[in-house]
Amino acid sequence: MRRVVITGIGTVNALAKDVPGTFAALTEGRSGIGPLGFRDADRLTIRIGAEVRDWDPAAHLPAANLPLYDPVTQYALVAGAEAVAMAGLPFGLGARGGVILGTAAGGISTWEDSYRAVFAEGRNRVSPLVVPRLMHNAPASHLSIAHGLQGPVFAVSSACASANQAMGLALQQIRSGAADVMLTGGAEAMLCFGGVKAWEGLRVLAPDMCRPFSLGRKGMVIGDGAGVLVFEEESHARARGATVLAEVAGFAMTADARDIVAPDPDGAVAAMRGALADAGLSPADIGHINAHGTGTLANDRSESRAIVRVFGGHAPPVTSTKAAHGHGIGATGAFEAIACILALSRGILPPTLGFQAPDPECRVDLVHRVARGAKVNAVISNAFAFGGLNAVLVLRQA
Amino acid sequence: MTAATRAEIEAAVITILAAQLLLPVSDVAPDARLDDLGLDSLGKVEAIFALEERFAISIPFNANEPDLPEFDFATVPGIVDGVAGLIAAR
């Protein structure tokens with residue numbers, strides 16, 4: 001089977017607008033969560049989020065193209081440029097390269113601005129670029145244009161599993177021989193008035209802080225940004241002398257087929273076991289788990305039970321980095337895969353922030369407060385989504 | 001709107017819960033417990049939304065804090081008391 005490795009990573013998120021800054025923040029235990037600064041935030045009940053602050057797209061992207069880019073595309077392009085530069089990827093791989101990016105809400109602020117114009121402000125026309133800005137494939141397609149990738153290019157939209165499913169599909173494209181290089185990950189820009197207002201109604205957002213697996217938790221905190229990873233067929237990477245960051249060893253996805261919002265540990269167990277089997281690894285081979293760990297009661301207890309069922313009483317150390325970069329929804333799996341690279345490449349397990357006290361219903365070895373040093377050969381990264389979707393990646397030293 | 005009486009609030013609570021449960025109003029007793037009625041988590045947030053719209057109140061309910069309820073959503077009388085308190089504080 002063709003092996004797939006990661007040769008570049010890039011990100012824009014609330015912690016930093018690049019990988020070095022993100023690694024530093026994750027290592028030092030800084031959180032990107034703070035007061036929301038966008039228009040009409042004062043009309044919300046929930047007024048915190050992990051925003052990309054002081055974002056100046058003109059500092060990163062050609063001014064002539066900006067009218068085409070919703071923020072979700074801006075983040076994807078800047079993260080993608082960092083990943084491609086790190087990989088040293090030549091331009092114009094043509095049909096042997098592709099892009100699969102996750103996003104849950106696509107260009108939601110373009111929807112919001114346009115509806116506001118016609119409904120609230122009584123205007124009779126909107127920008128002619130509304131459709132190409134808001135379509136879910138805009139971030140993926142603009143990455144294909146920027147880097148000359150003419151093979152499989154599409155978006156995956158499966159709520160909080162989007163990025164993990166996108167990366168799983170990218171892995172499969174390369175394994176199958178359909179491509180040699182795939183840019184993959186996710187992008188999200190849901191922190192606008194309508195985006196948060198919609199989430200508020202479900203009563204699952206925390207008003208103060210995200211506290212995964214901790215007593216005192218009050219729910220999730222949304223985060224914006226993008227994470228892009230360069231997946232590459234191993235011999236293709238070795239032949240051009242690329243630095244290999246990790247191997248994408250396994251992937252599996254399952255559907256609970258039960259409830260549209262409530263998680264089912266059975267589905268999470270099946271996805272973790274499936275990903276381990278795909279990687280040819282046993283639970284004892286895994287040295288770290290980057291959990292989905294949203295900080296909601298439902299997820300954290302269900303995920304803890306699933307981890308104990310898969311790994312028994314000796315589960316590896318667990319981190320949720322969502323209290324740092326926020327819940328990136330369709331991008332979150334990409335942020336977390338990048339955190340896994342930190343663990344694999346530098347032996348740093350980032351801490352779970354916001355921790356107050358152990359929850360007896362969450363019997364996992366939680367890395368909290370400060371980072372933990374550990375030599376890990378393989379890690380898993382969980383993503384579980386509304387819709388009952390579970391997607392698990394296994395990364396290991398290459 | 002003139003202040004709703006307790007009977008009016010109770011009737012509205014029962015009507016809203018019955019609509020969520022797809023039950024006739026007569027099947028939701030004034031002392032019913034929500035767990036016994038079988039209201040799931042989405043039904044609960046939909047019922048809260050309907051009560052907020054009906055009485056122009058904001059109900060402090062977070063699905064992650066079932067053990068620390070600012071608003072007792074466990075029984076019909078608890079909901080009626082909570083709504084009445086929020087209307088009085090409006």
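Author: Helices (H or I, at least four residues) and strands (E, at least two) are DSSP runs, numbered from the N terminus. This is a predicted model, where local features need pLDDT of at least 70, side-chain atom pairs count only at pLDDT 80 or more, and totals for chains, interfaces and linings use all residues. Residues are numbered from 1 along each chain as its sequence is written, and chains are lettered from A and ligands numbered from 1 in the order in which they are written.

Reader: Ok, where is A:Ile329?
Author: A:Ile329 sits in the loop between helix H11 (322–325) and helix H12 (332–346) of chain A. Its phi is near 50 degrees, a positive value in a residue other than glycine.

Reader: Is A:Ile329 buried or exposed?
Author: A:Ile329 counts as buried because it has 30 C-beta neighbours inside 10 Å. Buried takes 20 or more other C-beta atoms within 10 Å of a residue's own, exposed takes 12 or fewer, and partly exposed is in between, with C-beta atoms placed from the backbone.

Reader: And what is phi of A:Ala159 near?
Author: Phi of A:Ala159 is near 50 degrees, again a positive value in a residue other than glycine. A:Ala159 lies in the loop between strand S5 (153–156) and helix H6 (162–176) of chain A.

Reader: Why does A:Ala159 count as buried?
Author: Because A:Ala159 has 20 C-beta neighbours inside 10 Å.
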